[in-house]
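I opened my notebook to record, entry by entry, what I looked up in one structure. I wanted to go from helices to a sheet and then to single residues.

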Amino acid sequence: MLRPGAPAVNRTGRLAYCRAPMKVWLNGRIVEGSEAAVSLFDHGLTVGDAVFETIAVRAGTAIAVTRHLERLRRSARALGLPAPSVERLREAVAETVSANAADRGVVRVLHTSGAGPLGSMRGEREPTTAVLLGPPPAWPATSDVAVVPWTRNERSAVAGVKTTSYAENVMALAEARRRGAAEAILGNCAGNLCEGSGSNVFLVLGGVLTTPPLSSGCLAGVSRAIVIELLGVDVVERDVPVGVLGEADEAFLTSATRDIQPIRSVDGVGLKAAPGPVTEQVVAAYAALIADDPDPH
Ligand SMILES: Cc1ncc(COP(=O)(O)O)c(C=O)c1O
């Protein structure tokens with residue numbers, strides 16, 4: 001866990017955060033969290049003109065850090081933002097983990113276009129880059145999910161880009177929680193399954209492990225890519241109607257902090273198994289891979 005005084009999960013399971021002392025990395029140096037300041041005119045704050053990454057920290061090591069930082073740079077490029085090198089960002093992450101003597105936690109890398117006008121026009125100031133540390137989420141062993149009525153726009157300019165413009169995700173998750181679920185599942189404008197509010201989704205259909213393709217508009221999740229590329233399991237990337245999720249033999253979510261989380265129910269109806277045999281195989285292979293190499297790339 002983080003050292004005393006750092007953010008923690010409180011008794012209600014909700015994240016307690018911003019409790020000093022916490023050190024953050026801001027624009028090149030470690031500073032006390034209570035003293036770190038960015039402009040109120042930062043375009044990341046005023047219009048969400050920014051990109052980010054969420055990286056799990058375990059045993060003092062940032063997991064899959066290279067893949068996450070490469071994606072941050074891809075996201076920045078998609079927005080037309082210059083970004084620090086992977087090496088510079090990797091140092092920033094390591095300095096933040098070390099400055100907080102963190103064993104377990106979550107690193108948030110944030111990169112904005114810097115101070116700018118109040119409208120959508122971007123300013124010409126230096127970007128803001130920050131690395132923050134928070135507590136690890138306490139995910140349950142399985143997840144109940146709810147399909148929400150809103151859709152991902154697979155043709156959006158920011159489809160698949162990890163921007164901080166997450167208000168849609170905040171609303172989707174709030175709706176799922178209102179319905180007693182722990183994660184929201186979104187379809188896309190074509191009516192196909194896309195992703196969770198903070199996760200990718202895999203399902204087993206007729207014995208075939210299946211996941212929506214990137215063309216569905218989902219984020220190119222780092223955990224999703226590890227499952228597809230590195231575990232030696234067969235995965236078919238294809239579009240399926242969003243309603244098919246509830247008919248799957250088994251299904252699971254992937255994300256940096258969840259790793260592989262079996263889905264227990266969809267819209268209040270239990271799946272046949274959670275975890276089912278394919279999910280169990282993926283859970284074990286994923287854990288073995290990360291234990292062997294915490295930064296697979
Ligand atoms: C919308 C969305 N999809 C998928 C994911 C999973 O991506 P990763 O495995 O890189 O954490 C996330 C992670 O936060 C996300 O926000």
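Entry 1, terms and source. A crossing of two helices is called left-handed if the near helix is turned anticlockwise from the far one by less than a right angle, and right-handed if clockwise. I noted that this is a predicted model, in which local features need pLDDT of at least 70 and side-chain atom pairs count only at pLDDT 80 or more, while totals for chains, interfaces and linings use all residues. Residues are numbered from 1 along each chain as its sequence is written, and side-chain values use heavy atoms, with hydrogens and water left out. Helices (H or I, at least four residues) and strands (E, at least two) are DSSP runs, numbered from the N terminus.

I looked up H2 (residues 65-79) and H5 (residues 222-230), whose axes come within 10 Å and cross at roughly 120°; axes are lines fitted to C-alpha atoms, for helices over the stretch in contact, and angles run from 0 to 180 degrees between N-to-C directions. H2 and H5 are therefore oblique to each other, since angles under 35 degrees count as roughly parallel, over 145 as roughly antiparallel, 65 to 115 as roughly perpendicular and the rest as oblique. Their crossing is right-handed. On the H2 side I found Arg67, His68 and Arg71 in the contact, and on the H5 side Val222, Ala225, Ile226, Glu229 and Leu230, where contact means heavy atoms within 4.5 Å.

I traced an open sheet of 6 strands, ordered S4-S3-S8-S7-S5-S6 with antiparallel pairing; two strands pair if DSSP finds at least two bridges between them. S4 (29-32) and S6 (61-62) are at the edges with a single partner strand each, so one side of each has no neighbour in the sheet. H2 packs on this sheet and touches S5 (50-58), S6 and S7, its direction making about 175° with that of S5. Between S7 (residues 105-112) and S8 (residues 128-134) I noted 7 bridges, and valine 106 stands opposite glycine 134 in S8.

Is proline 82 buried or exposed? Proline 82 is exposed, with a relative accessible area of 53%, where buried means under 20%, exposed over 50% and partly exposed in between (1.4 Å probe, protein chains only). Proline 82 sits in the loop between H2 and H3 (86-99). Threonine 254, which lies in S15 (residues 250-255), counts as buried at 1% relative accessibility.
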